[in-house]
Amino acid sequence: MNERGDKRRTSAEKVLGLLALYTAERTVWSPERAAKRLNVSLATSYRYFNTLVAAGLLEKLQRNRYVLGPAIVELDRQIREADPVLRQARPVMERLLKRVREPAAVLLCRYYRGMVMCIHQETNKSGEPVSSYERGARRPMFRGSTSKVILAYLPPRIISNLWQEHKREIGAAGLGDSFEEFKASLRALRREPTYVAMGEVDPGRLGIAAPIFDASRRIAGSLSLVLLSPRVGERAVARLRTNVSAAAREIERLRGRGALGTEA
């Protein structure tokens, strides 16, 4: 690729990198602050902002303050309507939820850029949320049944990178103080078809999760049942573990070509 092509690609990457700066913790950015973070000139930063505003991906609130724009909402609606995985998974999730009398939520999640992201939630309780795993929300990689059943099956390269970058978090989550202990914890997770966790992400919640695999048996995501009340007997938990595992396998069978992808 020639120099002009290299520059064009770099600029495109930096424009997209500007969007990546927006998180739940920081929802407003200015060209000045973004220029420092992206290591570009102020004039270039303003050009990036103007480009994204013109596309509807950013919206100007007031002088030097920009938030995500309406095009993001439109894209999300299109994803909801077009995603074959959601079309196939929704009725399975609804049937699973009907098997529970307690306030509960059923979550469909996937691995995305070192975190776990919820792509759909079904719940039988209005008002107080059963789970903090809302659509589009990223959650910890090393805590909770939803994340751990994905973590256990990630490729070795990603596991190694996660260990190098998050040793303290992994140790604090009780997954091992050495790389060998970490790998042993993941092997233990893989021995069971589901994993049960109590209050690891949301206090007082009981989570039961099963992995979902693609046609090549690579990890694609997870299906989870979260109960608001932890007062559930062992026999009930055993029954629900069977139900969650069966629902995950049903989604795999129905998925066909609409597979969830694993983002490295």
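Trainee: Why does Glu252 count as buried?

Mentor: Glu252 has 14% relative accessibility. Buried means under 20% relative accessible area, exposed over 50% and partly exposed in between, with a 1.4 Å probe and protein chains only, so 14% puts Glu252 in the buried class. Keep in mind that this is a predicted model, where local features need pLDDT of at least 70, side-chain atom pairs count only at pLDDT 80 or more, and totals for chains, interfaces and linings use all residues. Residues are numbered from 1 along each chain as its sequence is written, and side-chain values use heavy atoms, with hydrogens and water left out.

Trainee: What makes Arg217 and Glu252 a salt bridge?

Mentor: The cut-off is a side-chain nitrogen of Lys or Arg within 4 Å of a carboxyl oxygen of Asp or Glu. Here the closest N and O atoms are 3.7 Å apart, so the pair qualifies. It links distant parts of the chain, 35 residues apart: Arg217 is in the loop between strand S7 (206-213) and strand S8 (219-227), while Glu252 is in helix H10. Helices (H or I, at least four residues) and strands (E, at least two) are DSSP runs, numbered from the N terminus. Arg217 is exposed, at 54% relative accessible area. Salt bridges with shared partners also join Arg217, Arg249 and Glu252 into one network.

Trainee: How many salt bridges turn up in the whole structure?

Mentor: Eight. One of them pairs the side chains of Arg95 and Glu250, at 2.5 Å from N to O. That pair spans 155 residues, from helix H5 (residues 84-98) with Arg95 to helix H10 (residues 234-255) with Glu250.

Trainee: Why are Arg95 and Glu250 called partly exposed?

Mentor: Arg95 comes out at 42% and Glu250 at 23%, so both values fall in the in-between class.

Trainee: What does Arg241 pair up with?

Mentor: Arg241 makes a salt bridge with Glu192, with the closest N and O atoms 4.0 Å apart. Arg241 lies in helix H10 and Glu192 in the loop between H9 and S6, so the pair ties together parts 49 residues apart in sequence. The side chain of Arg241 also has a polar contact of 2.6 Å with that of Thr194.

Trainee: How do you know that 2.6 Å makes a polar contact?

Mentor: A polar contact is a pair of N or O atoms within 3.5 Å; within protein, one must be able to donate a hydrogen and the other to accept it, and residues adjacent in sequence count only if both atoms are side-chain atoms. At 2.6 Å, the Thr194 and Arg241 pair is within that distance. Thr194 is in the loop between H9 and strand S6 (195-198), and is buried, with a relative accessible area of 4%.

Trainee: What about the aromatic pairs, and how many are there?

Mentor: Four in the whole structure. The Trp163 and Phe179 rings have centres 6.0 Å apart and planes at 35 degrees, so that pair is tilted. Trp163 is in helix H7 (residues 156-165) and Phe179 in helix H9 (residues 179-190). Trp163 and Phe182 have centres 5.9 Å apart and planes at 25 degrees, so they are stacked.

Key
Rings of Phe, Tyr and Trp (its six-membered ring) pair if their centres lie within 6.5 Å; planes under 30 degrees apart count as stacked, over 60 as edge-to-face and the rest as tilted.
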